[in-house]
Amino acid sequence: MRAPADSDIAAGEILLSIENVSLSFGGVRAIRDVSFDIKKGEVRAIIGPNGAGKTSMLNVINGFYQPQQGRITFKGETRTKMRPYDAAHGGIARTFQNVALFKGMSALDNIMAGRTLKMRRGLLWQLLRIGPALNEEIVHRHRVEEIIDFLEIQAIRKVPVARLPYGLQKRVELGRALAMEPDLLLLDEPMAGMNLEEKEDMSRFIIDVNDHFGTTIALIEHDMGVVMDLSDRVVVLDHGVKIADGTPDEVKRNQNVIDAYLGVAH
Amino acid sequence: MFYREAGQFKTTYKADQAIFPIVQDRWFVIGVLAFAVLILPLFANQYLYTEVLIPVLILSLAAIGLNILTGYCGQLSLGTGGFMAVGAYAAYNLALRVPETNLIVVFLFGGVMAMLVGVLFGIPSLRIKGFYLAVATLASQFFLEWAFARVKWFTNYAPSGSVAVANLELFGIPIDTPMRKYLLVLFIVAVLALAAKNLIRGRLGRMWMATRDMDIAAEIIGIRPLHAKLSAFAVSSFYVGVAGAMWGFLRLGSWEPLAFDINRSFQILFMVIIGGLGSILGSFLGAAFIVLLPIFLNQVPGLLGIPLSTAMVSHLEFMIFGAMIVFFLIVEPHGLARLWAIAKEKLRLWPFPF
Ligand SMILES: Nc1ncnc2c1ncn2[C@@H]1O[C@H](COP(=O)(O)OP(=O)(O)OP(=O)(O)O)[C@@H](O)[C@H]1O
Ligand SMILES: [Mg+2]
């Protein structure tokens, strides 16, 4: 737990609020009447056993699934229906539980693709690649190189991502999301399948993104140590239901949470 | 001279993003162009122009067009022949009805009309993928063939259904000899190929490749599938349309819809597969290979004293194409261009492979 920011965040303004959201797939009720909020500048962890509905929740937040019930308010705007690219335009970026990179492209191009939204020049300029179009490419390349330096992946920038080991792929995917300069960054198990050293690196990147760029982060993670270290507040889901919400310490002591993780029958 | 990039440190992102970042590649392209413009015309004969150089160049342009759509954006199309026909007939009608129009404008008009039709037939791609999209584009191929055979206005009510162009000229210079036709084709193809290379390396190219590799993730970083797919159909069809117009005007001179039938679509698709999906260079290699192979089979065994019958030659042609397509689809989807890149990579390290 990172003490200095906590008091600010408790008072802070709400960036995203989820109210009474329910989502089902046919008979499967993946999310049942869940409400919580994410405050500006915090690291919010979403935890829970397998199949609890964590990924589904991120999919609802970035417009990938439309919930059957509930309201979602982001930056003060309550939304009825939204597509993922609207969420991207609104400032929501994410990474996936199973890496979802553009396999045929280099690490650099993957991250550059994250800048698509920020680029303006039309077709004819791009055809000629002179003047404004070339300048635009170079300006954005500078931003992308800063991200590459930050993530310490200079050596692999020209390598097609399919050839990279899993840990580096996760890093490139984080880079692509950072390139969007989001207000809210959704990370779905950013450390899954990593060794200890890679986890430490990734934790450091997440803390730095939060501290230096002030990016609000929602994080799904199974490793409790990581959750305790990184997050300001934690929401716990089980079988689609919210069973606890609070600081890492509060959540850790919550009897419902202990039962859920120990698999006590409901 | 060695093929090396050692010592060529790029000190600015601008230099790193140049169209051919390795000096030897840049000189290679300049060298090929210089050879094509200055040296070839010194010895090329009519046969070389009309049977080899002009067809290879024009079909390369069509292959670049299809490669943008299929190789870069991942949308399979079997309608290339139909879109070439749109380019050819649009150009024919403009030249017929507004005879003073500059020839280059005529070709570009063919491209623009093909682009409009391409976007229209690209709309189903927003809903359907893969095999189903291929079938939809096949339907557009048959529809366009039918339209140019049946709607007499397109062919200016020619009783035979065949149209012809004559007395071509550009800026007062008659385009009447094979060499002049060749130089005009070379100019247009070189300019459009470089423009395609630019597009691929920019925002639009990344949008296409992102859509091809993982459309869901593309959407999540803010790429509209509508925008990416339809722009790929537009640019692709433009290239194919210009190629169609030049095929009619500079290669055939007179033609019927049959010149742009489904076989043409397959021919261009095979060029893209053999040359390399997602490669501009591959589009040229594939076109050269497919144009040259039959010529080679016709000439070489005869020279070696093993005369083959015409039927045998065409059978052999099919067998070799078939084998190569299976080979490339299974073993090396990036085609001849990839083999070329591997060779270059080896050369770059040679003689120290570490
Ligand atoms: N597209 C879908 N179609 C049908 N059922 C789905 C779909 N996506 C998720 N589910 C179901 O919804 C429930 C919640 O799944 P979800 O992926 O959100 O869980 P999770 O908490 O992310 O689990 P994990 O820790 O394993 O990643 C599961 O029962 C799952 O089978
Ligand atoms: Mg999940």
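These legends describe close-up views of a predicted model. Residues are numbered from 1 along each chain as its sequence is written, while chains are lettered from A and ligands numbered from 1 in the order written. Local features need pLDDT of at least 70 and side-chain atom pairs 80 or more, totals for chains, interfaces and linings use all residues, and side-chain values use heavy atoms, without hydrogens or water.

**View 1. Confidence along chain A.** Helix α1 (residues 3–11) has the lowest mean, 53. Strand β7 (residues 184–188) has the highest, 95. Helices (H or I, at least four residues) and strands (E, at least two) are DSSP runs, numbered from the N terminus.

**View 2. The magnesium ion (ligand 2).** Its protein donors (N, O and S atoms within 2.8 Å of the metal, or 3.2 Å for Na, K and Ca; water is not among the atoms, so sites may look incomplete) are A:Thr55 (OG1) and A:Gln97 (OE1). They lie 1.9 to 2.2 Å from the ion. A:Thr55 sits in helix α2 (residues 54–61) and A:Gln97 in the loop between β6 (92–95) and α4 (107–113), so the pair ties together parts 42 residues apart in sequence.

**View 3. Polar contacts of ligand 1.** A polar contact is a pair of N or O atoms within 3.5 Å. A polar side-chain atom of A:Gln97 lies 2.8 Å from an oxygen atom of ligand 1. A polar backbone atom of A:Ala52 is 3.1 Å from an oxygen atom of the ligand. In A:Tyr65, a side-chain N or O atom is 3.1 Å from a nitrogen atom of ligand 1.

Definitions and conventions:
pLDDT = per-residue confidence, 0-100. Polar contact = N/O pair within 3.5 Å; in protein donor to acceptor, adjacent residues only side chain to side chain.
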